[in-house]
Amino acid sequence: MNILIIGNGFDLAHDLPTRYSDYVDQVAQKQEFWKYLRDNKADSSRFELYRHVQESILFEYIAQKRKIGWVDFENELKKIVDSICELRNYVKPQSELTVGRTYTETFCMKQRTPSDCPLFLRMMLGELGFGPWNEKDLTDIEKAVLNQAFDFIELFKEYILWVTKVKMPMVTKIRYFEDLNVDFFLSFNYTPTIFDVYHKQLNPNNVCYVHGLIKENSDSQIVMGVGSNFYMDGKHEKFVELFKFFQRYRYKMSVAYQAWIKYLDDLDHQNLNYITNKPVVHIYGHSLDPTDKDVLLPFLELEDAEVWIYYYNESSKLDLQKNLVRILGKNKFCQYMLCAKPKISFKRIIEKENSYKLEA
């Protein structure tokens, strides 16, 4: 019985340009994605969205980060949210005499220059002017950041739809996954690769896209934001829509995997069929980032199941092992790994002749 869990590394192994960096490059440089929108006569709202994103301060900030190297939108979004949440810590109130000889409260920077501000906040204030501001101005800055973030996400959905329509038909199958019988399938991706490329036939109840699926159109809602474990009460309430836990609730994302766990836990472990066909959890292309701990942990702890975690080189293996410790904790890590027959195994993928195989 095979449970396949995939992250973005699965799409990347099929040469699909699904990195945030790929998306940022396409938008910044008006590459194939822009030409696709143009040639397919996308409605004016899509071009307007493209323009809004490309000209936004949020995108300019992320594009600057991209020039340095690989960019992780979710990590950068956390920095953006944190910096805007600290906005009022960098300003101070002052009274201003109006034309009508009345005093009104405004805000100005605590220091003459905002050099000590986080980079994104500095860019935002530089675009809008360094004050003075009234209360509405500060609120408008916060709303602008929310709008720019959601525009970025909406255009990303269009981008993934383009990847699905244009790039996926050119994908070459990986024999290992073509031969793998999949009973349960859980994806952290937004793409239908496993179905469009491999044409796997699964019971719909045994399929779970925990962050949403983009296939026919870009109207589908997706989870794309700040990791839930970074949320802080009393600080992030104004930006709760940008946190994954709230998006999962708001968009009613699938939790079908919870029923699988219960089903597998309730199986009669004395049953001969179960004994000869114990669950094997295959985790491929996922970094084991602890922000997804709530989904991954039940599979790692599944009784009597083997867990196979795939890696490409020793460096990636060590990163996976470190994150595994963060998810399991030291005691459970030792319990699972320091024994004659470890519950969790690391399997190296070897690329050979346009195919992949497990290292012997």
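## Briefing: aromatics, cores and a buried aspartate

The chain averages a pLDDT of 88, and 88% of the residues score at least 70; pLDDT is the predictor's confidence in each residue, from 0 to 100. This is a predicted model, so local features need pLDDT of at least 70 and side-chain atom pairs count only at pLDDT 80 or more, while totals for chains, interfaces and linings use all residues. Residues are numbered from 1 along each chain as its sequence is written, and side-chain values use heavy atoms, with hydrogens and water left out.

**Confidence**

- Strand S4 (residues 184-187) comes out highest, at a mean of 98, and strand S9 (residues 355-358) lowest, at 52. Helices (H or I, at least four residues) and strands (E, at least two) are DSSP runs, numbered from the N terminus.

**Aromatics**

- There are 30 aromatic pairs in the structure (Phe, Tyr and Trp rings, using the six-membered ring of Trp, with centres within 6.5 Å; planes under 30 degrees apart are stacked, over 60 edge-to-face, the rest tilted).
- Take Tyr23 and Tyr159: a tilted pair, 5.4 Å centre to centre with 50° between the planes. Tyr23 sits in helix H2 (residues 20-29) and Tyr159 in helix H8 (residues 135-167), so the pair ties together parts 136 residues apart in sequence.
- Tyr23 is buried, at a relative accessible area of 0%, and Tyr159 is buried too, at 0% (buried is under 20%, exposed over 50%, partly exposed in between; 1.4 Å probe, protein chains only).
- Both tyrosines belong to one aromatic cluster, whose members include Phe73, Phe152, Phe156 and Trp162.

**Nonpolar cores**

- The largest nonpolar core has 81 residues, and Phe73, Phe120, Phe152 and Phe156 are among those with the most contacts inside it (a core is a set of buried Ala, Val, Leu, Ile, Met, Phe, Trp, Tyr and Cys residues joined through side-chain atoms within 4.5 Å).
- H8 gives the most to this core, with 14 residues.
- Apart from this core lies another, of 34 residues, including Ile3 and Val281.

**Around Asp292**

- Asp292 lies in the loop between strand S6 (280-284) and helix H14 (293-300), and is buried at a relative accessible area of 5%.
- Its side chain makes a polar contact of 3.0 Å with that of His286 (N or O atoms within 3.5 Å; within protein, one must be able to donate a hydrogen and the other to accept it, and residues adjacent in sequence count only if both atoms are side-chain atoms).
- Not counting residues up to four places away in sequence, Asp292 touches Phe188, His211, Lys244, Arg248 and His286 (heavy atoms within 4.5 Å).
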